[in-house]
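Please look over the sequence and the model below. The report that follows takes the structure part by part.

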Amino acid sequence: MRRKTVVANWKMHGNLASNRQLLEGYVERLSSLAHVDVVVCVPYPYLAQAQLLLKDTAIAWGAQNLSKDPVGAFTGEVSASMLRDFGATHVIIGHSERATAYCESDENVATKFMQAKVHGITPILCVGETLIEREAGVMDLVVAKQLDTIINTYGASVFADAIISYEPIWAIGTGLAATPVQAQSMHEFIRGRISALDEAAAQSVKILYGGSVNPQNAVQLFVSQDIDGGLIGRCSLTAQEFEGICRAAN
Ligand code: PEP
């Protein structure tokens with residue numbers, strides 16, 4: 001039985017004062033939840049703050065991106081070992097907002113995935129289709145291609161103990177979540193694709209759902225067999241709403 005995981009993705013929101021309030025709210029509201037793993041992925045400058053405020057709690061912290069390179073002349077980049085210096089245990093990789101706004105390729109995403117793994121950071125790999133792709137009925141093909149870039153380069157075993165987040169792009173920040181049936185069906189497809197190559201990795205990989213999860217729809221999504229928790233954008237920005245989602249997972 002996989003423990004549920006709920007990940008907050010703050011995106012580019014917050015400041016020192018509001019973060020402190022939010023993190024203190026998380027700690028106060030979530031510390032009694034013993035059956036869910038909670039991770040908060042903050043903007044880079046606030047990793048030190050997350051480390052300071054969360055270090056003696058059960059809440060883990062991480063980043064929203066990392067460099068594909070380990071070290072060197074890469075102005076503006078942040079390496080996996082730098083994330084480790086600030087106690088980061090998780091990193092989001094390949095979020096669709098990065099693919100769209102910064103032209104991130106599947107190949108870069110695969111390299112970043114391995115950078116995280118070799119530095120002992122749990123990668124949270126985002127996959128998902130656009131609305132046009134869903135309407136054309138090719139969502140499985142799209143997600144398979146995203147997974148296969150990693151599988152063909154590094155093998156399916158790299159998914160052992162990793163996290164994949166299925167994030168249909170049409171559901172992110174739109175208020176229009178996938179139905180539990182749509183989400184479960186894609187999660188089953190993802191697990192099946194890994195299972196065909198490495199059953200142990202398929203059983204240990206956590207597959208989260210992301211896209212307009214809120215305290216009202218969370219239970220319905222999280223009861224599905226292959227949905228191991230959620231990646232939460234908007235509703236992670238208020239402690240009360242995030243608590244509602246974490247309670248649903250708990
Ligand atoms: C996300 O940013 O990954 C996300 C799922 O956002 P939201 O919860 O706001 O849809």
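## The largest pocket

Helix α4 (residues 96-102) gives the largest share of the lining of the largest pocket, 3 residues. Helices (H or I, at least four residues) and strands (E, at least two) are DSSP runs, numbered from the N terminus. The model is predicted: local features need pLDDT of at least 70, side-chain atom pairs count only at pLDDT 80 or more, and totals for chains, interfaces and linings use all residues. Residues are numbered from 1 along each chain as its sequence is written, and side-chain values use heavy atoms, with hydrogens and water left out.

The largest pocket holds about 480 Å³ of space. It is lined by 19 residues, and the closest to its centre are Lys11, Met12, Gln64, Arg98 and Tyr102. A pocket is an open set of points on a 1 Å grid over the protein atoms alone, where a 1.4 Å probe fits, with protein on both sides within 12 Å along at least five of seven lines; lining residues have an atom within 4 Å of a point. Grid points are joined across faces, edges and corners, and the volume is the space filled by probe spheres set on the points.

## Aromatic pairs

The structure holds 4 aromatic pairs. Rings of Phe, Tyr and Trp (its six-membered ring) pair if their centres lie within 6.5 Å; planes under 30 degrees apart count as stacked, over 60 as edge-to-face and the rest as tilted. Trp10 and Tyr26 are edge-to-face, because their ring centres are 6.3 Å apart and their planes stand at 65°. Trp10 lies in the loop between β1 (4-9) and α1 (16-30), and Tyr26 lies in helix α1, so the pair ties together parts that are 16 residues apart in sequence.

Buried means under 20% relative accessible area, exposed over 50%, and partly exposed in between (1.4 Å probe, protein chains only). Trp10, Tyr26 and Phe242 form one aromatic cluster.

## Helix α2

In helix α2 (residues 47-54), the buried residues are Leu47, Gln49, Ala50, Leu53 and Leu54. Seen down the axis of α2, they fall within an arc of 160°, so they line one face of the helix. The arc is that of the directions from the helix axis to the C-beta atoms. Their cover includes α1, β2 (36-41), β3 (60-63) and α3 (80-85). Contact here means heavy atoms within 4.5 Å.

Cys103 sits in the loop between α4 and α5 (106-118). Its phi is near 55°, a positive value in a residue other than glycine. Cys103 is exposed, with a relative accessible area of 66%.

The 13 residues of α5 should span 18 Å at 1.5 Å a residue; the end C-alpha atoms are 19 Å apart, which agrees. The expected span is 1.5 Å times one less than the number of residues. Val109, Ala110, Lys112, Phe113, Met114, Gln115 and Ala116 are the buried residues of α5. They pack against α3, β4 (90-93), β5 and α7. Just after α5, Gly120 has a positive phi of about 75°.

## Arg134 in helix α6

Arg134 belongs to helix α6 (residues 131-135). Arg134 is buried, at 16% relative accessible area. Leaving out residues up to four places away in sequence, Arg134 touches Glu129, Met139, Tyr166, Trp170 and Gln182.

## Helix α8 and beyond

Helix α8 (residues 180-195) has 16 residues, which should span 22 Å; its end C-alpha atoms are 22 Å apart, which agrees. Its buried residues are Ala183, Gln184, Met186, His187, Ile190, Arg191 and Ile194. Seen down the axis of α8, they fall within an arc of 165°, so they line one face. Among the elements that cover them are β5 (122-127), α7 (139-154), β6 (163-166), α9 (199-204), β7 (206-210) and α10 (218-222).

Ala200 is in helix α9. Ala200 is exposed, at 55% relative accessibility. How far apart are Ala200 and Gln184 in space, C-alpha to C-alpha? They are 20 Å apart, and 16 residues apart in sequence.

Ser212 lies in the loop between β7 and α10. Ser212 has a positive phi of about 60° although it is not a glycine. Ser212 is buried, at 17% relative accessibility.
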